[in-house]
Amino acid sequence: MGAVVWLFLFLQLCNFFAGFTVADEPNEEVKIEVVFLPEKCTQKSKKGDLMNAHYDGYLSNGTKFYCSRSEKDGHPKWFVLGVGQVIKGLDIGMKGMCPGEKRKLTIPPSLGFGKEGKADIVPPNATLIFEVELHHMSRGPRSMEAFREMDFDNSRSLTKDEIRKFLVMEDKKGGKVREDSFYDAVITDVFRKSDHNGDGEISAKEYNVYEHDEL
Ligand SMILES: [Ca+2]
Ligand SMILES: [Ca+2]
């Protein structure tokens, strides 16, 4: 459970592809090919899940334009599925996956970077091919269960001290407590992104931004 909260915090630091929006074009679909399916597949990804995955992106001529394995020491990427943190084609194409599964996704321009493309990386109107591998997933990082675990005094809001206490506690369990400056940086970043009214606490409402986002 504590891990989920950590993921929430890391997620705040990791917003790859965030903010790209594309027009809905319902007749264009993501083509999904399952490349590898583990024997055991009891849990399937759904909207709001926290995903930890590798994804390599290619243009249709085979040029690799993105490789999660060569960035950030090759750590798989964290993102929340289905809420626009990645391009729409990935949000759609990575639903219903189980941990360990590999897929090849062919994403039309309208569900990728559209007419504009992306700077010098993806040309306009490009069809994208992604090879994705889901390593791990968990319930959404913004679950209220995670919130309650951090809200030590049950005040329905989180102070910096509560979050710090929680992180240190989790790290103690894991056997490696880090420098104060590390926690300071994480907490500052979390508050910058989540404390919308700037009152120095993260309320339940500020925390759980996805609660009303379900279809
Ligand atoms: Ca509290
Ligand atoms: Ca607040």
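Biologist: Is N154 buried or exposed?

Modeller: A residue is buried if 20 or more other C-beta atoms, placed from the backbone, lie within 10 Å of its own, exposed if 12 or fewer, and partly exposed in between. N154 has 7 other C-beta atoms within 10 Å and is therefore exposed. This is a predicted model, in which local features need pLDDT of at least 70 and side-chain atom pairs count only at pLDDT 80 or more, while totals for chains, interfaces and linings use all residues. Residues are numbered from 1 along each chain as its sequence is written, and chains are lettered from A and ligands numbered from 1 in the order in which they are written.

Biologist: Where is N154 found, and what is its phi?

Modeller: Helices (DSSP runs of H or I, at least four residues) and strands (runs of E, at least two) are numbered from the N terminus. N154 is in the loop between α3 (144-150) and β7 (157-158). Its phi is positive, near 50 degrees, and N154 is not a glycine. A119, also not a glycine, has a positive phi of about 40 degrees. That residue lies in the loop between β5 and β6 and counts as exposed because it has 7 C-beta neighbours inside 10 Å.

Biologist: How many helices and strands are there in the chain?

Modeller: The chain has six helices and eight strands. Along the sequence they follow the pattern α-β-β-β-β-α-β-β-α-β-α-α-β-α. Of its 215 residues, 29% count as buried.

Biologist: Which residues have the most contacts inside the largest nonpolar core?

Modeller: In soluble globular proteins, nonpolar side chains tend to be buried together. A nonpolar core is a set of buried Ala, Val, Leu, Ile, Met, Phe, Trp, Tyr and Cys residues joined through C-beta atoms within 7 Å. The largest one here has 25 residues, and M51, M94, F130, V132 and L134 have the most contacts inside it. At least two of its residues come from each of β2 (50-59), β4 (77-80), β5 (102-107) and β6 (128-138). Strand β6 gives the most, with five residues. Another core, of 10 residues, lies apart from this one and includes L158, I163, F166 and V190.

Biologist: What is V132 in contact with, beyond its neighbours within four places in sequence?

Modeller: Two residues are in contact if their C-beta atoms lie within 7 Å. For V132 the partners are A53, H54, Y55, M94, K102, R103 and L105. In the chain, of the contacts between residues at least 6 apart in sequence, 71% join residues at least 24 apart.

Biologist: Which residues does H136 touch, not counting those up to four places away in sequence?

Modeller: H136, in strand β6, touches N52 and P99 on that count. C-alpha to C-alpha, H136 is 7.0 Å from A53, although the two are 83 residues apart in sequence. H136 is partly exposed because 14 other C-beta atoms lie within 10 Å.

Biologist: At what angle do helices α4 and α5 pack?

Modeller: Axes are lines fitted to C-alpha atoms, for helices over the stretch in contact, and angles run from 0 to 180 degrees between N-to-C directions. Helix α4 (residues 160-174) packs against helix α5 (residues 180-194) at about 135 degrees, with the axes 10 Å apart. Angles under 35 degrees count as roughly parallel, over 145 as roughly antiparallel, 65 to 115 as roughly perpendicular and the rest as oblique. The two helices, α4 and α5, are therefore oblique to each other. K160, I163, R164 and L167 in α4 meet Y183, I187, V190 and F191 in α5.
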